[in-house]
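Below is a short note for a colleague who is meeting this structure for the first time. The points are numbered so that each can be checked against the model in turn.

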Amino acid sequence: MRMEEPLNIIITGVGGQGNVIASQILGSAAVEDGFCVSIGETYGAAQRGGAVMSHVRLFKQNEYGSLIPQGGAHIILGFEPIESLRTLGSFGNKKTKVIVNPRPIYPIDVLAGMAKYPAVDDILRVIKELVSSIHVVEATELAKEAGDSIMQNVVMVGCLAGSGFTPVKIETLKEVINMIFAEKRPEANLKAFELGVKAIRETKPL
Amino acid sequence: MSYVGVDEPSRKVLLMGNEAIARGALEAGVHFCSGYPGNPASEILDTLAGLARKFDFYVEWSVNEIVALETAGAASFTGLRALTAMKNLGANVCADFLMTVSLSGTRGGFVLVTGDDPSAHSTTSELDTRNYARFADIPLLEPATMQEAKDMTKWAFDLSEELGVICLVRSSTRLSHSRGAVTLGPIKREKRSADFSPDDTWTSGSSRITSMFHSMLHEKLKRAQEKFENSSFNWYVGKKDADFVIVASGTGWLYSSEAVKLLGLENDVGILKLGTTWPLPEKLVATHLKHAKEVLFVEETDPFLEQNVKTLAAELAVEGIGPIRFYGKKSNHVRGEFGAGTGELDVDVVVNSLVEIKKLGYVPIGKEYSEKAQKLLSSYVPSRSMSFCAGCPHRASLWAIKKALKLDGRDGIVTGDIGCYSLGMLPTGFSVAKTLHCMGAGIGTANGFGNLKRFGLDKPVIALVGDSTFYHACIPALINAHWNRANLLLVVLDNNTTAMTGHQPHPGSGLNALGCISPKSPIEDICKAIGVEVTVCDSFDLDNAVKKLHEILQAEGAKVMIFRHECPLAFPKKKKVRVYVDADKCIGEGCGCVRFCTRVFGCPGNIWDYEKGKAKIDEAICNGCKLCAKLCPAEAIIVEEEE
Amino acid sequence: MSRIDVKGPADLQKDILNKGLCLACGACANLCPYINMVEERPVMIESCGLSEGKCYDFCPRTYVDLPMLDKIVFGAYRSDLAIGSSLAVMKVKSRDDRIKSTAQYGGVASALITFALQTGEVDAAILTKSKDRITPQPALARNKKDVLECAGTKYVVCPTVTGVTEAIRQGTRKIGVVGTPCQVIAVRKMQASKFEIGADKIGLVIGLFCTWALSPRVYSFIRRVTGSVNVVKLDVPPPPTNTFTIETEKNKFEVPLDEIRKFILPSCNVCFDMTSEFADISVGTVEGEEGWNTVIVRTSLGKKFFQRAKEAGIIEVAPLGKERLDHLREASLNKKRRALKEMESLKTSYLILREEDRSKLTL
């Protein structure tokens, strides 16, 4: 496929959802497939329940820093609906494609009664108005099917792979998943990945 | 799993910046590594510790950064190659030794790697450690890419060994914590034996000797400068003899090249990328100052290059260079959210500078879009504050402290320190802590607050500190409190790990960096030896903790309370429990509770079922600590032990 | 139809605690995670934000609607303004020597509550315990031994009502209470409240006569007088001695009563209830007759129980005598008069009275 150069992907979610592993899987597979990759993340303090983003950039010529410029995201892989919308605000544009897991994770600001969490349907509707396409996949449910809700991030990587939005090969991703999880349930993670691939292909955009 | 230890030269792999630095040290044949955990540098030593056994070299987590630098310094004196890694503020802690070991000189290649943190994502200061290179008169290298992170670290050992001086490699968050493709080199394993002959002396001297050493140090810098003039880490791209030159270093390089591309200026401007930035390769810089009429400096965070190059330009004025219009921090073009010289760089900062300076009519992709989206966000999207993890003992400890201080009724002062519990200043920590500076400043400032009775400040003072930070910085301050009779209670939050930076061990853990069993120095023993009264408690036993705290606060003098409970992330429970809310018993918003678990206590595992109007447990997040079940005023939270 | 606005904790803080009107009865504490007692102070750990709450509703100083409470507890407005509703007033003493030697005066409160426990009238009783007489704590008693440990007058305030709240939470089915007038009022307000907390589990309520109570700050004063030895008994001998006696294991000390008065809680000065007008049975002194108690039986529950106790022979009963009764009524009326005057200077209008009664008291 003819790729934008660089191809800018943002994986966005909440600290603890496994952004970093997802970006690592994607990035390692891209390198194996012959791409150059630059990945930027928020580590350290931000992880304590705060919003986290991984910027994953694929390119073949030149070299790029790890932070995607304003409005530069081609793809947003959203592990959480509010974070997907938040990321769109700074990095989205009319052509952005979004894949989102609609399961909310309530910020403590909301739980403490200091803020309101909008209805998920409203969030998805607003996202739809702002982007080229939005696919909604219940990745947490699929992860539970594969064995553990914590594999939601791997399901989402499967969705990205199956969507065809990136040139990274499904086979390469599977190899990388096998290697990264070699000591902890590679089969379950592979199943999660495959469920994601299948789900995106069976899902129409909103 | 990572490719960092793979012995396949020329293979291209995905590495984190910190891994690339560690790989550089490995390829340079490092023998001795030390450091103290601190973001964004923590993974450098974590990675080296993971490679140490396979490649047969030594790694230690030291108790703090100055001891780390000193131990590595000694290794260098004996001819071994040594590396010390730390966060930016760590450089302040080891500055005493840095300023003297630069004078005494070194033998084996000795490299100090610092991780700066523009925008202070993880630290409490945007301190730019490049200033230390100029301050200490030592060579400075600034990697701009993952590849350079590896290659420069490797070269730094050769440079240091040849010149006999410690070299500073300065990284920053977006380099250390980003990942990118790196082509690996061969791993060098050279066996060396550590030598200290009877004739050896290592000192920065005193009186005239020191001035002499100082002069010798300047000579070393001159030799470094000569090497820098031809270094492959410096280059110029873009329009030949351009009128407009961007001088960039570190992460500024890739941001600048992308900005130039976005604005279509590839044929209009030149970019001088510098990797060896102290001493400045003056001849190289001069060649480009000759043709430049405008210069824009792109660097994180201080105007370090900016000021040094301007000084050079002033000196060269007699040779006909200039006048040049300089842009950067001083001109207020390169600025973060709060102004020039603050906040981190990104492509947009550089784009905006160029647009302003060159008066371009460029509109970023979707500027209108972004304004529309931002409007939606501010009224619609709730912010997501940080919070302690589910099951974190700090939540229990800080609640106990809040309660005890309220019961005491004198508006007690709580000073904070560096660690996960720094969040004690935020709502997740009940906003209990009122101060936060650097390692050990909690008990340090408490010494002051606890000695102001004669000036009318007569409130109880509690200093918070974690176990790792206690060993790092608090022992002298505790001795001071005892000796100078400060009235304070030091509360040590002992979760048996150095949590915020990735669960590294410390002198109370019983393990070292290599995972071997190690002698412990229990905190209570140290306190007793100092002569202060120590109480040990588990804050999960909340009523008891509150009672004990309240009692201790009524007494004078320096005292210590250790709240001991393991970090649930570092020591995950093997036995599973199922925690759920009996909605019939839940009082919810009614009098007697008013949503204590979600509104006040704030564990992310306690959520609210908006439909039922009752509390609920998010079983995906709940870690089974059972504390909310203990605290629920209606006893509505049920714990089921699973088989 | 209530003339009262039940408010919330912010108002409790503003109207009662900040104005020094707290009696340390403990009614507002431990009902939720937000209010705890520290000695005699309720402390708000955190604001719950509610505009209406139990803490405000149960507090004896937020509002006392006298006619309404009379109706709820006795079924009708009182016939006697001075000492409230009563079915009988007499002189009583315990027949149990152990009780008499441990307790104050006639030992009747201890005898009655012991009998209540022994006969299952109540499963547990909330009393006040203090080893040194000076730092009392609420205590739960289940038998005679427990009661004996709590016997004897403590002149210092105690958040006894927290013991009632705790007993209800523990699921105790029939709870007895021995308390001072303000504590009794708090308990009655709990039973009358629109907020449900299981106050129907409260059974026999024995109220003590009270003219004032002391702050725990009296502790350091008493320690200075006695040295650091255990106090065995405190007493206010009848007028005109105007002294306060402190008995330790080895010695007996007498201090001027005015020294002790300095520690009286300001809120006691607006108290209108000397004889625990809302208890089932009230117990107090007989001035000049140390071996006896004055007893007022008020409710039918109280009457039935008292009758059983008398028939079981655990107490000896004698007529009080008109002179003593008149003296008691006059003393009680004087307390009411003083209270109404003080209410103006302490800026509280918590007491709701019939207009004609208010006029009688302010003549």
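1. A residue is called buried here if 20 or more other C-beta atoms, placed from the backbone, lie within 10 Å of its own, exposed if 12 or fewer do, and partly exposed in between. By that count, 45% of the 363 residues of chain C are buried.

2. This is a predicted model, in which local features need pLDDT of at least 70 and side-chain atom pairs count only at pLDDT 80 or more, while totals for chains, interfaces and linings use all residues. Residues are numbered from 1 along each chain as its sequence is written, and chains are lettered from A and ligands numbered from 1 in the order in which they are written.

3. Chain C has 13 helices and 15 strands, these being DSSP runs (H or I of at least four residues for helices, E of at least two for strands) numbered from the N terminus. Its radius of gyration is 19 Å, close to the 21 Å that the globule rule gives for 363 residues, so chain C is as compact as a globular protein of that length; the radius is taken over C-alpha atoms, and the rule is 2.2 Å times the number of residues to the power 0.38. Along the principal axes, the C-alpha atoms of chain C fill a box of roughly 50 × 50 × 45 Å.

4. Two residues are in contact if their C-beta atoms, placed from the backbone, lie within 7 Å. Among the contacts in chain C with a separation of 6 or more, 68% are between residues 24 or more positions apart.

5. Between chains B and C, 12 residues of chain B are in contact with 15 residues of chain C. On the chain B side, α14(B) gives the most, with three residues, and the residues there divide into eight nonpolar, two polar and two charged (Ala, Val, Leu, Ile, Met, Phe, Trp, Tyr, Cys and Pro count as nonpolar, Asp, Glu, Lys and Arg as charged, and the others, Gly among them, as polar).

6. Between chains A and B, 55 residues of chain A are in contact with 54 residues of chain B. The chain A side has 29 nonpolar, 19 polar and seven charged residues.

7. Within chain A, α5 (residues 139-146) and α6 (residues 152-163) have axes that come within 8 Å and cross at roughly 110°, the axes being lines fitted to C-alpha atoms over the stretch in contact, with angles from 0 to 180 degrees between N-to-C directions. The two helices α5(A) and α6(A) are therefore roughly perpendicular, a term covering 65 to 115 degrees, where under 35 is roughly parallel, over 145 roughly antiparallel and the rest oblique.
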